[in-house]
Amino acid sequence: MKAVHFGAGKIGRGFIADLLHNTGYEITFVDVNEKLNAEMNQYHNYYLYVIQEDYRRKEIDKVSALSPITQPEEVTQAITDADLVTTAVIADNFPKIANNLAAGLKARLDAGKERVNVIPCENAFYCGVMLKKELLKTGILTEEELDKIAGIPSTAVDRMVFAADRDGRDGIDVGNTFELVIEKEQLVDPDAEPIKDAEYADNLDKYLERKLCVVNGGHTMSAYIARQMGYDIIQDYFMVPENKQLTRDIMLQAGAFIEKKHGFAHEDMVDYIDATIGRWSTPGVKDTVERIAKAPIRKLDPEDRMVKPAVQCEEYGLANDLILKGIAAAFLYDMDGDEQAAQIQAYISENGIEKAVSHYTGIEAGSRIYNEILKYYNEYAAQKTNK
Ligand SMILES: NC(=O)c1ccc[n+]([C@@H]2O[C@H](COP(=O)([O-])OP(=O)(O)OC[C@H]3O[C@@H](n4cnc5c(N)ncnc54)[C@H](O)[C@@H]3O)[C@@H](O)[C@H]2O)c1
Ligand SMILES: O=P(O)(O)OC[C@@H](O)[C@@H](O)[C@H](O)[C@H](O)CO
């Protein structure tokens, strides 16, 4: 069996390709990183290192790589011949992969090939719907043609993965637990399981909201708050018991609306949160605030991990003060090289924080949560000035 995977980064190689390999696929990666592609084509393998098993080395073989820039025709051919297509490129990059992917699917349709599953594996609410929109924007396929040739489910994706330079090669350190939940009804055959060890859900909403709002929301808001406290490594922030408790409380606030909305038992939510914080605190693991906080415009989107739980808690009459504090901290986030952080800061300088809050979050100016975000923002800003 053949799989084409867009994005040979940490999740691509460290998680999705691990499952694809275990399922029995030969994998063709499509990535813009020429150095990585050359290494993959030289050795036709790479290594994962399982953190909790004393960095046990695991080989992923039968791999090769293509450049979407210099080898577009080969990419088209690989998609035409594939049994499965997956992505892990960061959803902001969907517009950049859309042409290659749409061209491959169109060629497949023209060649009379069967429908194929295209499974994006990204942290975003309904990444399948997002990808489909980008594919249609290319104008290469009509919606009818796209539906005829591809099933595009959304997913929830969770694993610890870190880039690692080991044995002179570019490897990935991986956690030993993971969750890939795939929206069953959007698959070409809802009863087939194209990826071993993934879960196939009738109600993805439940898992997606739990993963994005509790895990990613808790993670991201901790990173913005940690940045205000002067931390660069999130594990250093977690070393302080009050900080760890703050993160747990943020996650419990987000978890509360999910319990109400989807019927999760409170004890199960608490276990889920504690297991996640335990994972982040694994001895030896070092994750940067920069990685977790990156791309704040994406993370402040009304449908993403911070605003969604804030608004939903408000609607359910649940506490959300800590979430609002996390959102406020995101508006102070600055990091050299983070284009979205720079864009937000420029917008604030030009238009003021009052406009910025509703511009980026969609939260109505003058509402209670809007006023609370402004209040926390001004408190953080004053602390910064007094330092
Ligand atoms: N890293 C994590 O811990 C983690 C965990 C769960 C989910 N995720 C999600 O997984 C996705 C991937 O994240 P990651 O951490 O692997 O990112 P990453 O930056 O390590 O990998 C992204 C890869 O995509 C490639 N890429 C970018 N533009 C491309 C293009 N136009 N064509 C082909 N390749 C392109 C990059 O070169 C890179 O190799 C994201 O949506 C992220 O939110 C990450
Ligand atoms: O990848 P992002 O930028 O959407 O979010 C940053 C982190 O919260 C995220 O990568 C987590 O580490 C991961 O989702 C855990 O499974």
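Asp147 is partly exposed because 13 other C-beta atoms lie within 10 Å of its own, where a residue is called buried at 20 or more such atoms, exposed at 12 or fewer and partly exposed in between, with C-beta atoms placed from the backbone. Asp147 sits in helix H6, which runs over residues 143-149; helices (H or I, at least four residues) and strands (E, at least two) are DSSP runs, numbered from the N terminus. Although Arg115 is 32 residues away from Asp147 along the chain, the C-alpha atoms of the two are separated by 8.5 Å.

This is a predicted model, in which local features need pLDDT of at least 70 and side-chain atom pairs count only at pLDDT 80 or more, while totals for chains, interfaces and linings use all residues. Residues are numbered from 1 along each chain as its sequence is written, and chains are lettered from A and ligands numbered from 1 in the order in which they are written.

The protein chain is divided into domain 1 (2-202) and domain 2 (205-386), with bounds that come from an automatic or database domain assignment. The centres of domain 1 and domain 2, taken over C-alpha atoms, are 28 Å apart. Where they meet, 14 residues of domain 1 are in contact with 15 residues of domain 2, contact being defined as C-beta atoms, placed from the backbone, within 7 Å. On the side of domain 1 that touches domain 2, the elements giving two or more residues are strand E9 (155-166) and strand E10 (169-183), and E9 gives the most, with 4 residues. That side has 7 nonpolar, 5 polar and 2 charged residues, where Ala, Val, Leu, Ile, Met, Phe, Trp, Tyr, Cys and Pro count as nonpolar, Asp, Glu, Lys and Arg as charged, and the others, Gly among them, as polar.

The shell consists of 25 residues, the closest being Gly7, Gly9, Ile11, Glu122 and Asn123; a residue is near a molecule if its C-beta atom, placed from the backbone, lies within 6 Å of it. By class, the shell around ligand 1 has 13 nonpolar, 6 polar and 6 charged residues.

The largest nonpolar core has 114 residues, and those with the most contacts inside it are Ala310, Ile323 and Ile327; such a core is a set of buried Ala, Val, Leu, Ile, Met, Phe, Trp, Tyr and Cys residues joined through C-beta atoms within 7 Å. Helix H7 (residues 204-229) provides the largest share of this core, 12 residues. Both domain 1 (2-202) and domain 2 (205-386) give residues to this core, so it lies between them. Not counting residues up to four places away in sequence, Ile323 touches Met221, Ile250, Gln253, Ala254, Met306, Pro309, Ala310 and Cys313.

Lys384, in helix H17 (residues 368-386), counts as exposed because it has 10 C-beta neighbours inside 10 Å.

Methods:
Contact = placed C-beta atoms within 7 Å.
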